[in-house]
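Subject: Structure for your files

Hello,

Here is the structure I promised to hand over. My notes on a helix pair and on the pockets follow it.

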Amino acid sequence: TIDILSVIKKADELGLSAIAFADYKSINGILKIIKIYNKNNFGVKIICGVELPFETTTQIYKTKGYSLTILAKNQSGFDTLQELTSTLKPDERYNPCELLNMELLMKNRKNLLIGSTSQHGEIYYELKWWWDGVKDYKKMAEFYDFIEISSTKDEEEKSINKRIVELGKVFKIPVIATCHATSITIDEAKIRNDSYILSTEEMLKEFSYLGEKTAIDLVINNPKTIADLIENF
């Protein structure tokens, strides 16, 4: 619903080294992004991803509504994203929910980066309701290459984000700060009542409650670590 070229230009204007696109259950937008990107000379790297529904990796509690953020590391990974979105299948127990093909995902994992999707992710949900320190979450956490947390004004959500940061440090999993922007500017966001693309300085301010060093890791260092694992398309 937003102009793709304007998004990339905004990221370039803000001096971002990379920007990730991840629609829900679709990569049609990504195909357009790649086409536009290849026609222009931008300094910002485009990271192609998709958010997909899945069933929890643990056996303690089964639910629907979890999501994975899956990023393509290379062309083979992007081909896998296309296949994953085309092979979503209905869950007969929870119609009309759909589940991704986990066998296909794991078979091609070397070409992908798998993240837990902030408030819609398994890790966020589990740590929200069953927090008893990090020791009980080793198996679940090690499934992921990174964990997202979103900017928020809610104190409870900030507390959960702190737990996720602690878990990431213990198991050496990069925690990534996101703003999940669906508008380009603050004025557009006010009209649509959603989020906009934040600058690095704004992101550092949003996550300052975690401490300056941690905020820098989440906003700058950890995202750079992830971006460096991804090839240009």
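The model is predicted, with local features needing pLDDT of at least 70 and side-chain atom pairs pLDDT 80 or more, while totals for chains, interfaces and linings use all residues. Numbering starts from 1 along each chain as its sequence is written, and side-chain values use heavy atoms, without hydrogens and water.

Helix pair

H5 (residues 122–129) and H7 (residues 155–171) pack at about 110°, their axes 10 Å apart. H5 and H7 are therefore roughly perpendicular (65 to 115 degrees). H5 contributes Ile123, Tyr124, Leu127 and Lys128 to the contact (heavy atoms within 4.5 Å); among the H7 residues are Ile160, Ile164 and Leu167. The contact has six nonpolar, one polar and four charged residues.

Pockets

The largest pocket (an open set of points on a 1 Å grid, 1.4 Å probe, protein on both sides within 12 Å along at least five of seven lines; lining residues have an atom within 4 Å of a point) holds about 1,500 Å³ of space. Of its 48 lining residues, Ile19, Ala20, Phe21, His180 and Ala181 lie nearest the centre. Strand E1 (residues 18–24) gives the largest share of that lining, seven residues.

The second largest pocket has about 290 Å³. Its lining includes Cys179, Asp194 and Tyr196, and divides into four nonpolar, four polar and three charged residues.

Regards

How values were computed
Axes are lines fitted to C-alpha atoms, for helices over the stretch in contact, and angles run from 0 to 180 degrees between N-to-C directions. Helices (H or I, at least four residues) and strands (E, at least two) are DSSP runs, numbered from the N terminus. Angles under 35 degrees count as roughly parallel, over 145 as roughly antiparallel, 65 to 115 as roughly perpendicular and the rest as oblique. Ala, Val, Leu, Ile, Met, Phe, Trp, Tyr, Cys and Pro count as nonpolar, Asp, Glu, Lys and Arg as charged, and the others, Gly among them, as polar. Grid points are joined across faces, edges and corners, and a volume is the space filled by probe spheres set on the points.
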